Structure formats: C-alpha cells, structure tokens
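Please open the structure in a viewer and keep the selection panel at hand.

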Amino acid sequence: MNKQSLAARVTVVLATLGAVTGGAAFSAQAVAAQPQAPAVSTAAQAGGELFPELNGLRIRAAGSDDIYLVLDGKRHLIPSSVTYDALFRTTDGVRLVLTTANITDGGPLTAYAHLARGTDDATVYLVSNGTKREITPAALDKYGFDVEAVRTTYPSVLAALPTATPLT
C-alpha cells in the first residue's frame, strides 16, 4: 500500500471513528494533524478503495444529504427516504464522515429496495438491484435493518431472483 493510499484510509477511518464516538471535531483535528496528503488520492481518482471494515455502516459526508450503505466495502447510495424507511429502524445509525469519495462507488440501491422473506421460510433477504442477499440474524442487527419492515412474499418470487453473497 503506497503512502497516498494509506493516508486516504486513515482519513476515512479516523473520520468514521470520530463520528461514531461523537468526536467529529476531534477527528477532523486529528486528520488535519496528519502529514498532508494530496487533496485527491490516486485511489480516489481511480474510483476509490474497498473498505470492508466499514460494512454495515450508513454514512453521510459532511455538507451532503446523500446517505450511503457500505456493502462489500463499497458505498451504495440509498436513493430516497422511502427506500431508507423500508430498510432501517431509525436514522440514528447514520455516521457523519469527512468524505465518501475515496470509498469505491458500488452504485445505488434500487429504488424501493426492501427486506423480504418467503411464506414458507424465516430467512430474511435484502432485495435490491435484481438480486436477493440472505441476511444473517447477526447482520440484521449490525446493519440496523428494521425487522418490522420485512415483507412476506411467495417463495417462487424469491426463487426467481439470482442469489448474491450473504450479509454476515
């Protein structure tokens, strides 16, 4: 990992930790105290980096209203408040970060993405972008998904969707 790439990772992790601990001002000062990296890292110019350690976080960059969900180390735009409300319990879990630009853009979630389970199975899935992703019970809590919002559907509807990697 080159120095620019490392500086970009440290910036995102410190900003995220600051937001998580309520010390956003402190984290901004900590980042400012770091040796100055170029304004845009090589990784950000190439589309960003993967941050699997942030999986499950909902993030919002300072000065922006856009909220992203981190899946597979990539940021995915939550396209509307309707989609947000169909997936998550509250907005309390949204973390404020300095920037999202250095996290690889995974594309937006589908408008009206939702949680679903079959009538004959208790397995919960995230349905978005033409696929279904199983959500383990631990991931339901980790991601802050709203179990009350899970839709029950016919098993044949879920069976018709391609299966993507489970959320754990």
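Select strand E2 (residues 68-71) together with E3: the two pair in the antiparallel sense over 4 bridges. Strands (E, at least two residues) and helices (H or I, at least four) are DSSP runs numbered from the N terminus, and two strands pair if DSSP finds at least two bridges between them. This is a predicted model, in which local features need pLDDT of at least 70, side-chain atom pairs count only at pLDDT 80 or more, and totals for chains, interfaces and linings use all residues. Residues are numbered from 1 along each chain as its sequence is written, and side-chain values use heavy atoms, without hydrogens or water.

Within this pair, Leu69 stands opposite His76 in E3.

Next, display the whole sheet. It is open, with 4 strands in the order E3-E2-E1-E4 and mixed pairing. Strand E3 (74-77) and strand E4 (94-97) are at the edges, each with a single partner strand, so one side of each lacks a neighbour in the sheet.

Return to Leu69 and show its contacts (heavy atoms within 4.5 Å). Beyond its neighbours within four places in sequence, Leu69 touches residues including Gly56, Leu57, His76, Phe88, Tyr143 and Phe145.

Now select the largest nonpolar core, which has 19 residues; Leu69, Leu87, Leu115, Ile135, Phe145 and Leu167 have the most contacts inside it. Such a core is a set of buried Ala, Val, Leu, Ile, Met, Phe, Trp, Tyr and Cys residues joined through side-chain atoms within 4.5 Å, where buried means under 20% relative accessible area (1.4 Å probe, protein chains only). E2, helix H4 (81-87), strand E6 (124-128) and helix H5 (137-143) each give two or more residues to this core; H5 gives the most, with 3.

Finally, select Leu57, Tyr68, Val97 and Ile103, which are among the 8 residues of a second, separate core.

Terms used
Buried means under 20% relative accessible area, exposed over 50%, partly exposed in between (1.4 Å probe, protein chains only).
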